[in-house]
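Dear colleague,

Please find the structure that I am handing over to you below. My notes on what was found in it follow directly after.

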Amino acid sequence: MSTDPARPRSSLRSAIGRAARRGWAGVEQLVGGFGTAAAALAVLAFVVVTAVTSLVGVGLLAVPAAARTVRALANRERHRLARYGVDLPDLAPPAPGVRGALADRSLRRELGWAVGHGTLGFVLGLLGVLLPFIAVRDLTFVLYWRLLPADPTATSIGVGTVHSTLGALWVSLLGVGWVAVIVGVVPNMARLQSWPARKLLVPDASVDLSMRVAELTSTRAAALDAHAVELRRIERALHDGSQNRLVAVNVLLGAARRALVRHPDEAEAILARAQDAAETALADLRAVARSILPPVLADRGLAGALTGLASASPVPCEAEIDVAGRCAASVEATAYFVAAEALTNVAKHSGARSARLTATLRGGTLRVEVTDDGHGGADARHGSGLDGIRRRIEAYDGVLRLDSPKGGPTILAVELPCGS
Amino acid sequence: MRIVIGEDDALLREGLALLLRAEALDVVATAGDASELLAAIDTHRPDVALVDVRMPPTHTDEGIKAAVEARKRHPKLAILVLSAYVEQAFATELLAGGSSGLGYLLKERVGRVEQFLEALHRVADGGTAIDPDVVTQLLSRTRTDPRLERLSPRERDVLALMAEGLGNAAIAERLVVTDGAVHKHIRSIFAKLDLPPDDENDRRVTAVLRYLEDVRRKQ
């Protein structure tokens, strides 16, 4: 992250490294595309044969299989491009039967893609395969040109013959040019190769809407599940915690009353225990109420509550809170507890001198991270209250990540779907 | 009376033990979960086991399961189950194999020490103790049964106490009437509900509970 102007050489080196990586990634993408392009050609041949034989009736039997093959290949391409940051959702197999295949609008677009990818993509992919070989061949030409038979010692572009070391050096210079092409042009070729997919493999508008509905339905179901889990937690906390305390108070009071009749001197001790139990019950109730929704969240919102946590932390804690929107109250409460528990652990166990609390809300995901410069070695399973928090986070379909190598630093990161 | 307590809440477990010991009852072991409880019962062979319904690991019905298992291993063992809330299914599961020497009470009943001890002794002597709330629930859900409609208010009171597992003398004491009057009410109830009259306390409770349960299921 830190940039140091006093070291231009290392920044040059890193620029070269970046360019090389970009070029290599482009080659990789092109070669992968070459594979699917070749497959697209084969599938197209299958489709054409099916279409032609359908004219005499026989091919109709193969239509569903052809449709499924096209869809499978398109999905494969969608998966492949996902690695390069092109977000194309998978489509379900086309409806069965000839009619299902013909009615599928996305399938027609996928066929269009197969034509584009099988031609343009194929040629670009082939170049992607050949370019590295040509570059290596020319770059190293100066090393091996003498070993070749005299006559066909030619450049990769097929012009001229080489009879001297100087000539061979020129060829190697050409190799440098190929490398420049790989670095400068290949990434754009890769983009061009994925262009038909980006245009045609996006789901049809109607499909997109129904997928969106399905997604919303499942997130809604998840939200309701999380809600049910939360209610069960509260029910349990009340029945197994607070109620048991109160039952204990009741039992002890009963015992005290009996003692008053028979051994009045023992009653005092029993009453004291009853009072202890009543106090525990009160503390329990307070904790349960607070665990449902910390009052500070309602008063000051998540950003205010988190800032408050940071400033109250015994270990100096820098807060960077960027939570513009609101999330579901239960999600905000969970995020708050994560931060509170993490900061408590920092103060109790880490031996840290400073800590950092960051919270962001981006694209419907609430991310909370607590970092400290302590001695690390924290364990999410080993007590420390993290276990309960993890279960709570999982109920909300969130992710908890604890990274705490021996010697530190410790990073606790939580991601929660905002759910609003 | 030798007692084993199965209760996962430490504070409550100690409270129960303290109460019972103060009453000169012999608490021979306490357990924090179902398997500990079963082991303690196997080792100490108590007269009564006092069992919490919700225990680790799932905090649902471990106590009931343990009680049923303990009875299978030791048919003579009396079991009094304590529950945080009334759950008909718990009572039904517990009493599936008869009601002799079994009890199902809300936890808060323990505070009324005299009645709790009475219930404990009743269960230890092979009787039954069903929480009044369970009986009230059964009765309130069976209100539309035509045969129950035939009972007089007094007879309904007697029926409820019978269902709790109280014997004639205890019913008479609760309702402040003579034993003879209770006897008359009971005969009248059995006649109106078409149940065979039975003076044997245990079978009588079973018959009444089964009757109420049957009516409830038909609805």
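Chain B contains eleven helices and six strands. Please bear in mind throughout that this is a predicted model. Of the 219 residues in chain B, 46% count as buried. Contacts in this chain between residues at least 6 apart in sequence join residues at least 24 apart in 64% of cases.

I then looked at one element of chain B in detail. Helix 1 of chain B covers residues 10-22, which makes 13 residues. From its first C-alpha to its last, this helix reaches 18 Å, close to the 18 Å expected at 1.5 Å a residue. Several of its residues are buried, including B:Leu11, B:Leu12, B:Leu16 and B:Leu19. Just after helix 1 of chain B, B:Ala24 takes a positive phi of about 65 degrees.

The remaining notes concern the meeting of the two chains. Here 18 residues of chain A are in contact with 18 residues of chain B. On the chain A side, helix 8 (205-262) and helix 9 (264-292) each supply at least two of the residues that touch chain B. Helix 8 of chain A gives the most to this side, with 16 residues. By class, the side of chain A that touches chain B is made up of eight nonpolar, six polar and four charged residues.

With kind regards

Technical notes. Residues are numbered from 1 along each chain as its sequence is written. Chains are lettered from A and ligands numbered from 1 in the order in which they are written. This is a predicted model: local features need pLDDT of at least 70, side-chain atom pairs count only at pLDDT 80 or more; totals for chains, interfaces and linings use all residues. Two residues are in contact if their C-beta atoms, placed from the backbone, lie within 7 Å. Helices (H or I, at least four residues) and strands (E, at least two) are DSSP runs, numbered from the N terminus. Ala, Val, Leu, Ile, Met, Phe, Trp, Tyr, Cys and Pro count as nonpolar, Asp, Glu, Lys and Arg as charged, and the others, Gly among them, as polar. The expected span of a helix is 1.5 Å times one less than its number of residues. A residue is buried if 20 or more other C-beta atoms lie within 10 Å of its own, exposed if 12 or fewer, and partly exposed in between; C-beta atoms are placed from the backbone.
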